[in-house]
Amino acid sequence: MIKVETPDYPIYFGVENYAVLGAYLNEKQYSKLLILTDSTCNELCLPHFLAHLPTTIPFEIVEIEPGEPAKNLATCEGVWEAMLDLGLDRHSAVITVGGGVVSDLGGFVASVYMRGIDCFVVPTTLLAMVDASVGGKTGIDLQGAKNCIGSFTMPKMVIIDAVYLETLDPRELKSGYAEMLKHGLIYDLSYFNHLKDIAQVDFGDIETLICHSVVIKNQIVQDDPKEAGVRKILNFGHTVGHAIESYYLSNPIKERMLHGEAIAIGMIIEAYISTVILGLNSVVYQEIKESIQYIYGKEIFSEADVEEILTWLKFDKKNRAGEIRMVLLSNIGAAFYDQEVSKDLILKGFEDYLK
């Protein structure tokens, strides 16, 4: 049995641990369970989950629309109304079965329903397994601003079952892979070196890699549970990346961009900025840029695109008094938070990205 202990809850790996989840649910004798999923996971993932959940506690299934556009207050309101209509009380619990949107939104919904009920997380995407599973961040978007409303609310348990990855297309897998690359860049040089040549990675042993990312994130979160300091390094690539993601979500003529795809671009641009502010070696920067672009390709931005993306930077939660703050690297595995960055330097980062 593979298990990672966080200060607040356990993370179990493998299909055999549904028995652990079932035993916990039965011991707590919850009055009712709400299984929150989306329409894609309801079809592809929920049959496997329900077939392996050993409990007789009555449950209801609530389905939301898939994807980031559903991660908003209107969706939350619909889920809360369903919870009331279905008779969930303060002794009920929520189980999220889905990707990052379901995990983030479901955790938030549970954290405030009747002032908070228990929540369990079963992530079904690589992104959710290596990111949303650790640290208790819940949240939704507001007017396109990523995770503008949310809370730190720890689940009671997380079950990571790599079987669900078989339901994902390659693009979704690569989206989650970006967060794993980030863990290497901010914390573990050897991990990044292992991941950067994706053609050589053994995806038959993906559970081991997921576990390594979970361990890295857990170690960082333990030192700073509420993101007052060192936990901010987990936002490397996210200042620029979230701005890109928000711009693409809000622009009806743009094709969708997945979270990891936007973060991959953000990591390249923020690595370039690191060469100017923290002296990241230019050879190391080129290695980062070429490795990431080999996996994700290059997105073409017009001048108008970049100007619009820059306007989204004002919503970043790391900002202070209107100043843009980023996580930057002095080397691979050495990250520093709260680095003040000018918009002119970000523009130069985009220019270099497009070279």
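Contact here means heavy atoms within 4.5 Å. Helices (H or I, at least four residues) and strands (E, at least two) are DSSP runs, numbered from the N terminus. The model is predicted: local features need pLDDT of at least 70, side-chain atom pairs count only at pLDDT 80 or more, and totals for chains, interfaces and linings use all residues. Residues are numbered from 1 along each chain as its sequence is written, and side-chain values use heavy atoms, with hydrogens and water left out.

Helix α12 spans residues 282-296. Its buried residues (under 20% relative accessible area, 1.4 Å probe, protein chains only) include Val284, Tyr285, Ile288 and Tyr296. These buried residues of α12 pack against α7 (170-187), α8 (189-196), α11 (259-277), β10 (324-331) and α14 (343-353). At the N-terminal end, Asn281 caps α12, with a side-chain oxygen 2.7 Å from the backbone nitrogen of Val283. Just after the helix, Gly297 takes a positive phi of about 75°.

The largest nonpolar core holds 117 residues. Such a core is a set of buried Ala, Val, Leu, Ile, Met, Phe, Trp, Tyr and Cys residues joined through side-chain atoms within 4.5 Å. Phe49, Ile210, Ile244, Ile288 and Ile346 touch the most other members. Helix α11 gives the largest share of this core, 10 residues. Leaving aside neighbours within four places in sequence, Ile244 is in contact with Met257, Ala262, Ile265, Phe301, Ile309 and Phe350.

Key
Expected span 1.5 Å × (residues − 1). Buried < 20%, exposed > 50% of the residue type's maximum accessible area, 1.4 Å probe, protein only. Polar contact = N/O pair within 3.5 Å; in protein donor to acceptor, adjacent residues only side chain to side chain.
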